[in-house]
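This briefing is for a reader new to the structure.

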Amino acid sequence: MALGPRNNSLVAASILLLVLFLITLAFNLMVAQRAPALHDGEVQTATSLLLRVLGGLFVLLLLYAAFSRVTRRGQPTETGVVIDAFHDVVRRLREKEQELERLRSAAEERAQEVESYNENILRSVSSGVITFNRDGVVTTFNDAVASILRLRREDVVGETCTEVFGAQSVVARLLARALAHGDVITREEFELEVPHGGKIWVGVSTSLLKDHTGGLIGTTFVCTDLTEIKELQERVELRERMMVLGEMSAGIAHEFRNLMGTILGAGKLIARQLPGGSPLHESLRTITHVISDMDHLVTQLLNFARKTEPDLKPVALEPWLKRVIEQVVEQAPAPHLRVEVRCFPDLPVIRMDEVLMRQALSNLVQNAIEAMPAGGGLTVSAAVRALQGRRREVDVTVTDTGVGIPKDRLAKIFLPFFTMKAKGTGLGLALVHKIVLLHNGRIEVESLEGKGTTFHVYLPVG
């Protein structure tokens, strides 16, 4: 192994001291042999002193060499320097790798936060959001649209528009327009058949989904459930038509009543002029009876036509409901009639006109009893239904096991003067409908011919 400059100098100094020491020792021996008398002289003293100095220097040099060798054992050799440099590079690479891993983890966490934030936005918005890719496959389906369309997200994402909505659906037509021609729809309202049955009204806006380069990658649909709004519009229109019909009916009823009064007066005058045993008295009694029936009809017509402002007051529903049903059943007893009143817990206090609502409920119960001439089961129940948001409504149902209503007549039963009874006026259910509308409610009917009928009266809470 090659020696460094420092080691070469140390060896040279050691050899020089050794040579000087040997020369001085040889000189001292030679002087002692040739001049014994001078053995204790100045020369002997000088050489002895020189020997001690050189010997001491040589010993010191050896000690220094040994000490330097020991200290150099902890210092790296050239190979050790290379290894240390390699390890230092590896250490720095590991530090950089750890830093890159930390940055990658931070980027992934950031991406997850952004994705979670976007999902939270889609989950929180009340409008339904659907996105389709270029192939018409559903890629996004938020909770709002799942609630509107009565579908589950896991059953829709990954499926094509045709598989979910059908090839001939309005959604498929709008998607084709957007992908093929780039058409954007600001607002369109249409009735949509949901996959599991039924129809709903939706309002839809579409927009093109593009990447950072402006290339088309899909389409976004934003939809809103308009079913309740459409039903409200229909109720408002129906209410307006009822008001117009009521005003016309009121005028006609007054004219009829005047004419009937004239006929009734003339009949009474004729009856006084006829002898006691005349057979015409029976005909006059028939006229009087018919005039009385017509007067009852006119009174009902006027009640229907009368403009009414409900006197709304808070009412505890359960005791009120039981009391009304008990009174109606007592007034119209029926053979083999089973009556059950069910009120679910936590029924709220609702605001209503007790007189008007008693009239409406009595009419429904009376119709149910008449639909079961041989007896049957009458069930009246009340429960609370939760709507979108924090809104709630009370559902009062009247169910019978009677003859039922034919399917083709269900849509007409609330129309004035439509009746299925031999002696009915056709104003009973129309008046019930009017009273429910006055309470900002709605009424629906379900019936199976031969099995029975259920009326639902929905009243808002609060």
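Phe256 lies in helix H8, which spans residues 227-273. Helices here are DSSP runs of H or I with at least four residues, and strands are E runs of at least two, both numbered from the N terminus. The model is predicted: local features need pLDDT of at least 70, side-chain atom pairs count only at pLDDT 80 or more, and totals for chains, interfaces and linings use all residues. Residues are numbered from 1 along each chain as its sequence is written, and side-chain values use heavy atoms, leaving out hydrogens and water.

**Surface patch**
- Phe256 has a relative accessible area of 43% and is therefore partly exposed (between buried, under 20%, and exposed, over 50%, with a 1.4 Å probe and protein chains only).
- Together with Ile252 and Leu259, Phe256 forms a nonpolar surface patch of about 290 Å² accessible area.
- Patch residues have over 30% relative accessible area and no salt bridge, and nonpolar side chains are joined within 5 Å; a salt bridge is a side-chain nitrogen of Lys or Arg within 4 Å of a carboxyl oxygen of Asp or Glu.

**Whole protein**
- The protein contains 12 helices and 12 strands.
- Its 462 residues are 33% buried.
- Among contacts (heavy atoms within 4.5 Å) with a separation of 6 or more, 60% join residues 24 or more positions apart.

**Hairpin**
- Strands E1 (residues 128-133) and E2 (residues 138-141) run antiparallel and are joined by 3 bridges; pairing requires at least two DSSP bridges.
- Thr131 has Thr140 in E2 as its bridge partner.
- The hairpin has 4 residues between its strands, and Gly136 takes a positive phi near 80 degrees.

Notes: Patch = residues over 30% accessible without salt bridge, like charges linked within 9 Å, V, L, I, M, F, W, Y side chains within 5 Å. Areas by Shrake-Rupley, 256 points an atom, 1.4 Å probe, with all protein chains shown as cover.
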